Amino acid sequence: MNKTFLKMGVNYLGNHGLSLASKPGIRKYAINKALKSAENGYHSNLEKGKYSPGECEDRYIINQAIIESANRLVTSEHQISPAYLKKIADIMVKSIVIDGGDVKRQQDFKAVHGRRPPGLLVVSPTKACNLKCKGCYANSSGENHEKLSWDVFDRLLTESRDIFGNRFVVISGGEPFAYKDQGKDLLDMVAKHDDMFFMTYTNSLLIDDETAARLSELGNFSPAISVEGFREKTDDRRGKGTFDGIQKSMERLREHGVPFGISLTATTNNCEELFSDEFIDYLFYEQQALYGWIFHYMPIGRSYTLDLMPTIQQRQWMWQRAWELIEKKKVFLVDFWNSGTLVDGCLAGGRSSGGGYLYINWDGKVMPCVFVPYSPVNVNDSYAQGKTLADIWEETFFEHIRSWQMDYLNGNGHRGNLLSPCIIRDHHDVLRQIIAETEPDPENEQAREALLDMDYMKGMIEYGKSYQELSDPIWRSRYLKEEEPQA
């Protein structure tokens, strides 16, 4: 079909998608087509054998949840802002599918560098924050004003699109809405890069009516709001009144038609509440969150301690419980440690497949992951030397991590246990060996102390090995479909 006619069709959907979605017959037809496509994809994945049988099942289940989540979004009494459907049509369909420029950039990158580029960029433009949460991985506070300059931040986004062929950026913190430079703020940057999608992790307390209205007009930015449980759990970690403030922010976002998600940090103290029917129903059905990300407490940053990490038994329960919730309630809920089967394991180090990423800190340090606080290079220095993100991607520290990932994924013809994918927590000994070989700089004094803390090292290595032993039987039976040996 002629590209001109395709673009005309996309424009029509972008401008009239909500009207079409409001018609039950059309919506039912679209959902059934999407569900059939997901089913066909499941069978195709099984036949190709690229993924284990259990991985194919997980991907099918999550696709069903995504389709139902989209259905809830367009049928909600709080109608989504039309700007979001317009941006989806403009960016996802016209720019990527029809024009194909991003695919060519990725192919060109692979031709030069031997591997495809990472799938997204994660940037923390500021360390400043209006809260001071217990165990903050970033050690943020309102007293700190470290930030990326506007020009560097702007260039990072431009190069991510033009060199990596990426149009999705995750903004972390500090508190992203506290970012300001040259008289401009975060949403000014989002408006400048209106051909990209953004998601941010935020405590949401800086989202007032004016900010919510700006988000509604932009259409390419979604907040993922951090919450630790109901009022008692959230206020205990984030400060009194935080939970009530979050509720008000969610109400503003709904009123302005801004789709938002939630970000949950599971600890040994709150994981049962986070995964309860009551809390999930509250978030996804009462508050109408579109998606949810689950983080496990990581012992880095301010007052790091292994005591807050979910135990290996809690972690296994969270894996089982999450899939129960996804399948039963049809909610898009992804656990960055227990959902490795959806993305081929660990995403750190600028991995080529499955949405891998690099992380850029507020001081310019580039790291493999938000939770791996060791950096071989500073983007400010690289830019001053005339280098680009492509040069940064090639740093030895990142390449060592990518090589380990590839070996772990399919080394010696054996697919590694993707229930245990994290290089810092599940394979801490491997990370320490790579650090010793490549000598990246610790991000801060806490990261330096962690390298010298023998009790910390022993505890992390033991945790990873213990969870491997606990999860391996599930990996082999549930995912590889291996029969248990006869007694």
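Hi everyone, let me start in a loop: G174 sits between β2 and β3, which covers residues 180–181. A cis peptide bond joins G173 to G174, with omega at about 15°. For context, most peptide bonds are trans, and most residues other than glycine have a negative phi. Please keep in mind as we go that this is a predicted model.

K330 has a phi near 55°, a positive value in a residue that is not glycine. You will find K330 in the loop between α13 (312–329) and β9, and with 26% relative accessibility it is partly exposed. D344 also has a positive phi without being glycine, near 60°. D344 belongs to the loop from β9 to β10 (357–360), and its relative accessible area is 11%, so it counts as buried.

Now the sheet. Which order do the strands take? Reading across, it goes β9-β8-β7-β6-β5-β2-β1-β10-β11-β13, ten strands in an open sheet with mixed pairing. The edges are β9 (333–335) and β13 (377–378); each has a single partner strand, so one side of each has no neighbour in the sheet. Further in, β1 (residues 120–123) and β2 (residues 168–171) are paired parallel through three bridges, and V123 has I171 in β2 as its bridge partner.

Helix α12, residues 277–286, lies across β6, β7, β8 (292–296) and β9, and it runs at about 155° to β7.

That brings us to the packing. As a general point, nonpolar side chains tend to be buried together in soluble globular proteins. Here the largest nonpolar core has 124 residues, and the members touching the most others are F153, L156, L283 and W293. What does W293 touch, beyond its neighbours within four places in sequence? Its contacts are M199, Y201, A224, I262, S263, L264, F332, V334 and F336. Another core lies apart from that one; it has seven residues, including A38, Y42, C56 and Y60.

Next, a buried serine. S204 is in the loop between β5 (197–202) and α8 (209–218). Its relative accessible area is 0%, so S204 is buried. Setting aside residues within four places in sequence, S204 contacts E175, I225, I246 and S249.

Helix α9, residues 231–238, has T234, D235, R237 and R238 as its buried residues. Those residues pack against β6 (221–227), α10 (242–255) and β7 (261–266). Just past the end of α9, G239 has a positive phi of about 110°.

Over to R105, in helix α5 (residues 101–113). Is R105 buried or partly exposed? Its relative accessibility is 26%, so R105 is partly exposed. Not counting residues up to four places away, R105 touches R161, D162, I163, G165 and R167. Its C-alpha atom is 9.1 Å from that of P117, twelve residues along the chain.

Last stop: two helices, α17 (residues 428–438) and α19 (residues 454–479). Their axes come within 8 Å and cross at roughly 130°, so α17 and α19 are oblique to each other. On the α17 side, H428, D429 and R432 meet Y456, M457, M460, I461 and K465 of α19. Sorted by class, that contact has four nonpolar, one polar and three charged residues.

Definitions and conventions
Residues are numbered from 1 along each chain as its sequence is written. This is a predicted model: local features need pLDDT of at least 70, side-chain atom pairs count only at pLDDT 80 or more; totals for chains, interfaces and linings use all residues. Side-chain values use heavy atoms; hydrogens and water are left out. Buried means under 20% relative accessible area, exposed over 50%, partly exposed in between (1.4 Å probe, protein chains only). Helices (H or I, at least four residues) and strands (E, at least two) are DSSP runs, numbered from the N terminus. Contact means heavy atoms within 4.5 Å. Two strands pair if DSSP finds at least two bridges between them. Axes are lines fitted to C-alpha atoms, for helices over the stretch in contact, and angles run from 0 to 180 degrees between N-to-C directions. A nonpolar core is a set of buried Ala, Val, Leu, Ile, Met, Phe, Trp, Tyr and Cys residues joined through side-chain atoms within 4.5 Å. Angles under 35 degrees count as roughly parallel, over 145 as roughly antiparallel, 65 to 115 as roughly perpendicular and the rest as oblique. Ala, Val, Leu, Ile, Met, Phe, Trp, Tyr, Cys and Pro count as nonpolar, Asp, Glu, Lys and Arg as charged, and the others, Gly among them, as polar.
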